[in-house]
Amino acid sequence: MYKPLITDGSKKFGNNRWLSYSSKLKRNVFLFSDLEYEHWLLVESDPKIVEFCEQPVLMDSYINEKSHTSIIDMWVKYSNGNEEFVEVKYSSDLTKEKVKKQISIQKNWCNKHGFQHNVRTEEYIRANKMLLSNLKLLMKGNKQQKQQIDIDRLKILKVLRKHFSEKVIISSLIIETQIPQNRLFISLGKMILQGEVCSDISLNHFGKNTEVWIDA
């Protein structure tokens with residue numbers, strides 16, 4: 001629905017720029033701070049989110065009778081059809097006049113067009129450090145192997161379907177699928193990132209003892 005307005009990382013300043021491959025969108029995404037990158041990891045791995053776009057819209061609004069514009073960080077669409085626009089900010093920046101005006105522009109635009117607007121800070125994004133740490137690890141594998149190996153995916157699904165909604169630890173999955181360990185970690189990691197397979201990575205470190213399953 002939307003296309004990113006900024007597709008070249010050199011054209012916007014940021015604390016730390018990230019270029020990452022999104023399996024969900026099947027294209028590269030540009031993020032402009034560590035916090036935006038971590039927010040994207042949550043979006044990318046959330047099975048309830050079916051589509052998103054970074055830097056999607058130039059929003060305009062009148063404040064004190066003057067026209068102002070702002071490009072918001074992300075648009076998100078959920079599987080139930082709900083949509084929202086999200087601005088990612090460090091909480092320490094929220095009291096700055098420039099940021100307050102930026103958010104006012106965005107809120108005015110969203111109210112005018114009937115969209116929900118949310119500001120995500122590090123308090124929300126970094127609430128589960130275990131999950132973020134695991135997602136960063138899985139993303140490294142995702143970069144090594146952009147395309148899923150279909151035979152691995154089918155073998156993993158076959159075993160998990162055999163166990164129905166029971167939880168299976170990865171060491172057992174390695175034995176039952178006979179997929180080499182390192183390859184299974186990457187292939188399974190892609191399936192977790194895409195929400196195809198459920199796991200306990202929000203509670204424990206990703207490894208041989210990680211529990212995985214598919215929804216019934």
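I began with which residues of H4 meet H7. Leu135, Leu138, Met139, Gly141, Asn142 and Gln144 in H4 touch Ile186, Gly189, Lys190, Ile192 and Leu193 in H7. I sorted the residues of this contact by type: 6 are nonpolar, 4 polar and 1 charged. I kept in mind that the model is predicted.

Next I took the geometry of the two helices. H4 covers residues 129–144 and H7 covers residues 181–193. Their axes come within 9 Å and cross at roughly 115 degrees. I noted the crossing of H4 past H7 as left-handed.

Then I turned to the rings. How many aromatic pairs does the count come to? I got 8 aromatic pairs.

Is tryptophan 109 buried or exposed? I have it as buried, because its relative accessibility is 9% and the limit is under 20%. Phenylalanine 115, at 22% relative accessibility, goes down as partly exposed. I also traced a cluster: ring pairs link Tyr2, Trp75, Phe85, Trp109 and Phe115.

Last, I checked for charges over rings. Arginine 120 lies over the face of tyrosine 124, 4.5 Å from the ring centre. Lysine 167 lies over the face of tryptophan 213, at 4.6 Å from the ring centre.

Conventions. Residues are numbered from 1 along each chain as its sequence is written. This is a predicted model: local features need pLDDT of at least 70, side-chain atom pairs count only at pLDDT 80 or more; totals for chains, interfaces and linings use all residues. Side-chain values use heavy atoms; hydrogens and water are left out. Axes are lines fitted to C-alpha atoms, for helices over the stretch in contact, and angles run from 0 to 180 degrees between N-to-C directions. Helices (H or I, at least four residues) and strands (E, at least two) are DSSP runs, numbered from the N terminus. A crossing is left-handed if the near helix is turned anticlockwise from the far one by less than a right angle, and right-handed if clockwise. Contact means heavy atoms within 4.5 Å. Ala, Val, Leu, Ile, Met, Phe, Trp, Tyr, Cys and Pro count as nonpolar, Asp, Glu, Lys and Arg as charged, and the others, Gly among them, as polar. Rings of Phe, Tyr and Trp (its six-membered ring) pair if their centres lie within 6.5 Å; planes under 30 degrees apart count as stacked, over 60 as edge-to-face and the rest as tilted. Buried means under 20% relative accessible area, exposed over 50%, partly exposed in between (1.4 Å probe, protein chains only). A charge sits over a ring if NZ of Lys or CZ of Arg is within 6 Å of the ring centre and within 35 degrees of the ring normal.
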